[in-house]
Amino acid sequence: MKVSIFLWLFFSIPICSIFPGLRIFLVPGQCLGNQQSILLQLKNSLMFDSAQSTKLVHWNQNADCCSWEGVNCSEGHVVGLDLSSESIYGGLDNSSSIFSLQYLQNLSLAYNYFYYSEIPSEFDKLKNLSYLNLSNAGFAGQIPIAISRLTRLLILDLSALQFLGTPLLKLENPDLEMLVQNLPELIELYLDGVNISARGNEWCLPISSSLPKLRVLSLSNCYLSGPMDSSLMNLQALSIIRLDNNNLSTPVPEFFANFRNLKTLGLSSCGLDGIFPEKIFQVPTLQILDLSNNPLLRGSFPDFHRNGYLRSLVLSETNFSGTLPDSIGNLTMLSRLDLFWCNFSGSIPNSMAKLSHLIYLDMSFNNLTGPIPSLSRAKNLTEFKLAHNHLTGQITRSSWHELLNLVNLDLRYNSLNGSIPLYLFSLPSLRKLQLSNNHFSGQLNELSNISSYLLDTLDLSSNELEGPIPLSFFKLRGLLILSLSSNYFSGPLQLNVIHQMRNLSNLDLSYNNLSIEYSGVNSLLPSFSQISTLKLASGNLKTFPDFLRNQSRLTVLDLSDNQIRGEIPSWIGKLPYLQNLNLSFNFLLTLQDSLFHLSSLIFLDLRSNQLQGQLPVLPPFATYLDLSKNNFSYVIPASIGNSLSYTYFLSLSSNKFYGSIPRSICNAPYLQVLDLSNNFFSGTIPQCLIEMSGTLGVLNLRRNNLRGTIPDAFPHSCALQTLDLSGNQLEGKLPKSLANCTKLEVFNVGNNHLKDLFPCHLKNISMLRVLVLRSNKFKGPINGCPGPDFTWTRLQIFDVASNNFTGKFPFKNLSAWKAMMDGEDEARSELTHLQFNFLGFDELHYQDSVSVTVKGLDIELVKILTIFTSIDLSCNSLDGRIPEEVGVLKSLYVLNLSHNGFTGQIPISLANLTHLESLDLSSNKLTGNIPVQLAESLNFLSVLNLSFNQLVGKIPNAKQFSTFSDTSFEGNKGLCGFPLKDKCTPVEAAPPSPLTGEIHSNSKVRIDWNFISAELGFIFGFGVFIWPLMFWKRWRICDLINVGGGGAQWISSEAARRLLNSREWSGKLC
């Protein structure tokens, strides 16, 4: 039951003092004999928990019944009976003696448990009832018509909690209209949780016509629908309206602003839409307004009047926007302000300092900027949440030291900087301090007087803090959660210090510059027995902490990116509740089978180790399995599918598996990501793998020895986002059913033996971003597709190199490739990596990768930025002129048209490609001068090859062009000037000689860019895929170069740039 504003009146103050027209006086008096016997009979008929009872348990015949708890009398007659919260259970039938209390005016049976029995139909015998409260008493079924005969009722409360989302009480026959038609005196109606199931006019009209004196209307969770009828305007006495959790699906009517006495308006979770009327904010009597969880409801704040009575304003999870007005400071009575997950922007007004009554403030998940204003006057503030905004500035003492009642301070995900003042830790009531994902810096000093601290949550992760971790943190014995990950904390740390933290449940020290050491002392002590999450990634840890063998409640263990060698200990497989285990990026060699028998294990990441041998039996209930980049070998067991009943992600890539792909994998009903790339699988692609693409989002089989054709079995429900079959021995044509994969973003069949025409049947896949057909036997024109133009508006990588395509440059497609035309601001706004999210979490994703070719090197982009764009038509038989239209592709980074038969001059429009970093027009039949505009405009060009054409004239010697060697221009006998040895003379250059050039074998460069950030800092260098961007601070940045199939070595980006510009990689490369 919602607390009635009249409840205390009926059990303590004479009704006549409130309603002078009523001739009833509550005079204690001596209880009449028959009244006492009725009450004792009632007590004996009820079942209740005597240990929980505070009233019934004390009723006895030796005391005057008018003095019993819960009983009120008038002239010896019982007129008030309050048996609420008496732990009564069982039923209440029609024969109950309670219906013999003929003088009863006030009855409450609320908050008991009547075992889902129906409300008795004998209530109409209590004709004098003016107050009836049966809320949350465990009654179920149809509300009886007898309630509608209680014509003297002033307050009726039949509110009911729902059981497992199902309402217990319902109004069908009688319906709402029949229930209220004889209750003209009713002033408060509570039917929350009762299934009324009525449309707008079916519930609005009966209430407005039958209950003219209604002051409180509470119908939350009643299965009501809209729209709200204007007849409600007749109820001018309404002061409280609660309609929360109904599917009204309508705009908020403006007539709510006309209720002169309105104090409370609750419309949360109602599916409201449209624009909220600003006038409602300005109703002078309004104290509580709750519009939360209506994501389609729009609006903004008006100018608030002075001396408003608004005490609680809740707009969370709505689409309110605009700035916060300075006049918000006029709401001086405001105690709760909840703007969580709206779209407010601009700075937080300093006028909020006037809100001295604030207790709860949440403006998280908005677009607020600027500094945090002082709220030092709000001395009763307990919750202060501004997370996920764009706030800047520092935390100053004057703003916080007087907030002595602050319990929760949440400033995560902002841009706050400076040092973290120590006095925050010592606020006497503070329990949760969350400052993660900001730019706080400097060292943290040791805390003093820590015995008085109440902190249970301390999250300082993802900042720029440095120096040693204060050891006093590990003496905060009340801490449940300690997260210091992703900072610059340094120095040695003895892991044994945490044994003092007996209440600790979550510890994260990952991604710092720590050297975590474990001595093994006290390894058998059952210390901090509550720990459930331990993350020590990238901590230079050299051994498994032995004390973990006793952590029976451990659910998450992350020891990734350390220096742990040898065997995975068997005790890990005996942790009964372990769900998430990450041991990736270590030097582990062997593992025990017991690990894979853990029935609790859901997430297992063992990638990038040195594990060897056969693939063990997989955990039976795991949803995420990554065993990639190890030395597992042999044939995969044919029964592997029996262990994939709950698996969403399976990666066995970069191992040494051979044999055929087991068909039992197709039995995995939930599989969304399957990566078997970089192994030695042979045979054909199982047709069932193609057929299961109705659930698969990623299928990666590249770099194996698969043969045969691609099965033409893609279903109409194809959900593939990434399909990579490159680097195999596949033959035949691209299947026509591939057109069913309308969600496809990455399609790579490069380096096979496919023989087909250009895949025109894919032209309607509007999501396509990457198309790689290189090194096959495709033929015919690229422009030869009939019908409407292509819809590849998102295409960013187009690689058809090393085929047998003929005809002209595919200029007809250019107008559709919008992703290559976007300006810099548009590109930045969408800067991210191509990836496939599964299970609905951004944290769980498959990272797409692709290879691009620059000067003959295959450069693997391990993370494909959505702003990286490339066109490679090299090594085909295209001819004709390069069209001027190519100049519209202003966001292009790589353009390779080499080794074709293009003629004519270099288009001046190429100067429009101001982001271009690699341009290769070599080995064509281009004539004329090199446009000087290219040298003047292409400021980011780091790779240029115009060699072996028929160009003439002086080489432009400006900006980037002055940095290129003679290999960029050789084979053009009509060219002169730096960097060639031939000096320019007034004499016209001789006709060029036939094309010549060296042939070099393709070599590969693998560049593993971990966590490239969104800061675009272009400098002269090696292209977008090696541009010197800002990197996330806790990752090693290096490039893996594998030259000519030899051993891998780590080199810098600058070394890679010098290698690419050297003569060794220039020339004819088809």
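I take two strands as paired if DSSP finds at least two bridges between them. Strands are DSSP runs of E with at least two residues, numbered from the N terminus.

I am working on a predicted model, where local features need pLDDT of at least 70, side-chain atom pairs count only at pLDDT 80 or more, and totals for chains, interfaces and linings use all residues. I number residues from 1 along each chain as its sequence is written, and side-chain values use heavy atoms, with hydrogens and water left out.

**Entry 1, strands 28, 30 and 32.** I looked up strand 28 (residues 439–443) and found it joined to strand 30 (residues 464–467) by three bridges, the two running parallel. Opposite Q443 stands E466 of strand 30. On to strand 32 (residues 488–494): strand 30 pairs with it over two bridges, again in the parallel sense. I noted F489 in strand 32 as the bridge partner of G467.

I traced an open sheet of seven strands with parallel pairing, in the order 55-57-63-65-67-69-70. Its edge strands, each pairing on one side only, are strand 55 and strand 70 (974–976). Direction ignored, neighbouring strands here are turned by 20° against each other on average; the axes are lines fitted to C-alpha atoms, and angles run from 0 to 180 degrees between N-to-C directions. Within this order I checked strand 63 (residues 877–881) and strand 65 (residues 901–905), which run parallel and are joined by three bridges. R881 has T903 of strand 65 as its bridge partner.

I pair rings of Phe, Tyr and Trp (its six-membered ring) if their centres lie within 6.5 Å, and call planes under 30 degrees apart stacked, over 60 edge-to-face and the rest tilted. The count by this rule is 37 aromatic pairs. I looked at Y648 and Y670, a stacked pair with 5.7 Å centre to centre and 15° between the planes. They are 22 residues apart and link distant parts of the chain: Y648 is in the loop between strand 43 (631–635) and strand 44 (649–651), Y670 in the loop between strand 45 (656–659) and strand 46 (673–675). Y670 is partly exposed at 42% relative accessible area (buried is under 20%, exposed over 50%, partly exposed in between, with a 1.4 Å probe and protein chains only).

I then took F778 and F805, also stacked, at 6.1 Å centre to centre and 10° between the planes. This pair too links distant parts of the chain, 27 residues apart, with F778 in the loop between strand 54 (770–772) and strand 55 (779–781) and F805 in strand 57 (residues 804–807). F778 is buried at 0% relative accessible area, and F805 is buried at 0%.

I also noted one aromatic cluster, formed by F276, F281, F301, F304, F320 and F344.

I found N609 in the loop between strand 40 (603–605) and strand 41 (612–613), buried with a relative accessible area of 6%. What do polar atoms of the N609 side chain lie 3.3 Å and 3.1 Å from? The backbone nitrogen of F587 is at 3.3 Å, and the backbone oxygen of L606 is at 3.1 Å. Beyond four places in sequence, N609 is in contact (heavy atoms within 4.5 Å) with L583, S584, F585, N586, F587, L588, K629 and N630.

F587 came up again: R565 lies over its face, 4.3 Å from the ring centre. The rule asks for NZ of Lys or CZ of Arg within 6 Å of the ring centre and within 35 degrees of the ring normal. I found R336 over the face of Y360, at 4.0 Å from the ring centre.

Note on methods
Helix = DSSP H or I, 4+ residues; strand = E, 2+ residues; numbered from the N terminus. Polar contact = N/O pair within 3.5 Å; in protein donor to acceptor, adjacent residues only side chain to side chain.
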